Amino acid sequence: MAITVWPVTDGFAAEIGDVDLSRPLEADEVAAIKQAFWDYGVLIFPAQDLTEQQHVDFARHIGPIEISIAALNSDAPQRIRTDLADVSNLNPRNEIWGEKSRRRALGVGNRLWHTDSSFKFLPARASLLYARSIPPIGGHTEFADMRAAYDALDEAMKERLAELIAEHALSYSRERTGFTSFTERERNNLPPVPQMVVRTIPENGRRSLYIASHIGRIRGLSEDDACALIDRLIAHATQRQFVYTHRWRTGDLVMWDDRCTMHRGTAFDDLRWPRDMHRATVSDIANTCEQAGIAVAAA
Ligand SMILES: [Fe+2]
């Protein structure tokens with residue numbers, strides 16, 4: 001049976017029905033899902049019942065899977081397999097994390113607008129977040145359409161941004177939340193990396209802003225001017241008309257295009273309710289500057 005594409009918003013988020021992601025997909029189903037993904041940017045697959053392996057198997061249709069930064073930065077045992085990011089408030093014993101836990105302090109940064117893994121030289125193409133357990137209130141995810149936000153810029157701003165290269169680092173966004181206690185291994189593993197501020201999505205030719213709270217510098221601008229510009233662009237891109245808010249249901253798998261969206265998690269009572277989410281993250285094909293034909297080295 002062919003999949004059903006049910007628009008939730010005009011051109012940005014859609015629900016996908018008549019597909020069971022726990023079983024192998026036919027080539028025409030994969031093609032239809034990819035086409036919907038390029039058309040929209042955020043796809044919601046409700047009522048899925050997936051093992052970790054089935055989640056990863058579906059993500060591999062979109063591209064190669066990243067290793068989670070928790071696994072990259074620590075030899076400690078992880079709660080879930082290392083090709084899934086643990087987007088939860090649970091410790092390895094599946095208990096709610098403590099008030100003073102380091103992961104809790106780091107996780108505050110997920111409430112800032114960002115796109116996943118833009119702080120890696122090879123950034124993410126797509127994220128696939130699966131809800132195993134959700135709080136009864138709060139803990140939503142907001143998504144911003146960066147193609148629509150780009151289209152709405154005036155021509156002078158489009159021209160100003162066209163060739164700009166930003167430097168992204170996880171430490172830049174975490175510093176904004178007051179978290180500064182990165183280990184040397186973390187700093188060495190994740191130095192600032194260059195990314196284009198505007199990029200073109202190859203499948204449909206649409207231009208998109210590629211910005212995030214991970215940006216700390218813009219090449220050729222003072223630090224103050226760079227921060228002011230990024231704050232202005234994030235404020236522009238996250239206006240109500242560009243944003244879809246996803247209220248999670250257990251069993252939702254939401255897949256978004258990291259190349260042309262930003263997202264952030266909303267607050268919830270994380271010391272009271274478990275929120276157990278697993279994320280498969282698919283790598284892009286190259287650094288965004290390289291994709292634009294500009295040779296760069298990591299900063
Ligand atoms: Fe994220």
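Two residues are in contact if their C-beta atoms, placed from the backbone, lie within 7 Å. In this predicted model, residues 24 or more positions apart account for 81% of the contacts in the chain with a separation of 6 or more.

**The chain as a whole**

The chain holds 10 helices and 15 strands. Its radius of gyration is 18 Å, close to the 19 Å that the globule rule gives for 299 residues, so the chain is as compact as a globular protein of that length. The C-alpha trace spans about 50 × 45 × 35 Å along its principal axes. Of the 299 residues, 40% count as buried.

**The seven-stranded sheet**

An open sheet is formed by 7 strands in the order E1-E2-E3-E13-E5-E15-E4, and its pairing is mixed. The edges are taken by strand E1 (4–7) and strand E4 (85–88); each has a single partner strand, so one side of each is left without a neighbour in the sheet. On average, neighbouring strands here are turned by 25 degrees against each other, direction ignored.

Helix H1 (residues 27–39) lies across E1, E2, strand E3 (42–45) and strand E13 (253–257), and runs at about 165 degrees to E2. Helix H2 (residues 52–59) packs on the sheet as well, touching strand E5 (124–133) and strand E15 (276–283), and its direction makes about 30 degrees with that of E15. Just after H1, Gly41 takes a positive phi of about 120 degrees.

| Helix | Residues in helix | Reach | Expected span |
|---|---|---|---|
| H1 | 13 residues | 18 Å | 18 Å |
| H9 | 15 residues | 21 Å | 21 Å |

In H1 the reach is close to the expected value, and in H9 (residues 223–237) the reach is also close to the expected value.

The buried residues in H9 include Leu229, Ile230, Leu233, Ile234 and Ala237. They cover an arc of only 130 degrees around the axis, which puts them on the same side of H9. An α-helix has 3.6 residues a turn, so residues three or four places apart point the same way. The face of H9 turned away from the buried side carries the exposed residues Asp224, Asp225, Ala228, Arg232 and Ala235.

The cover over the buried residues of H9 includes parts of both kinds: helix H5 (146–151), together with strand E6 (141–145), strand E10 (207–209), strand E11 (215–218) and strand E14 (261–265).

Strand E7 (residues 165–168) pairs with E11 in the antiparallel sense over 3 bridges.

Definitions and conventions. Residues numbered from 1 in each chain as written. Predicted model: local features only at pLDDT ≥ 70, side-chain atom pairs only at ≥ 80, totals over all residues. Pairing = 2+ DSSP bridges. Helix = DSSP H or I, 4+ residues; strand = E, 2+ residues; numbered from the N terminus. Axes fitted to C-alpha atoms, helices over the stretch in contact; angles between N-to-C directions. Expected span 1.5 Å × (residues − 1). Rg over C-alpha atoms; globule rule 2.2 N^0.38 Å. Buried ≥ 20, exposed ≤ 12 C-beta atoms within 10 Å, placed from the backbone. Arc of directions from axis to C-beta.
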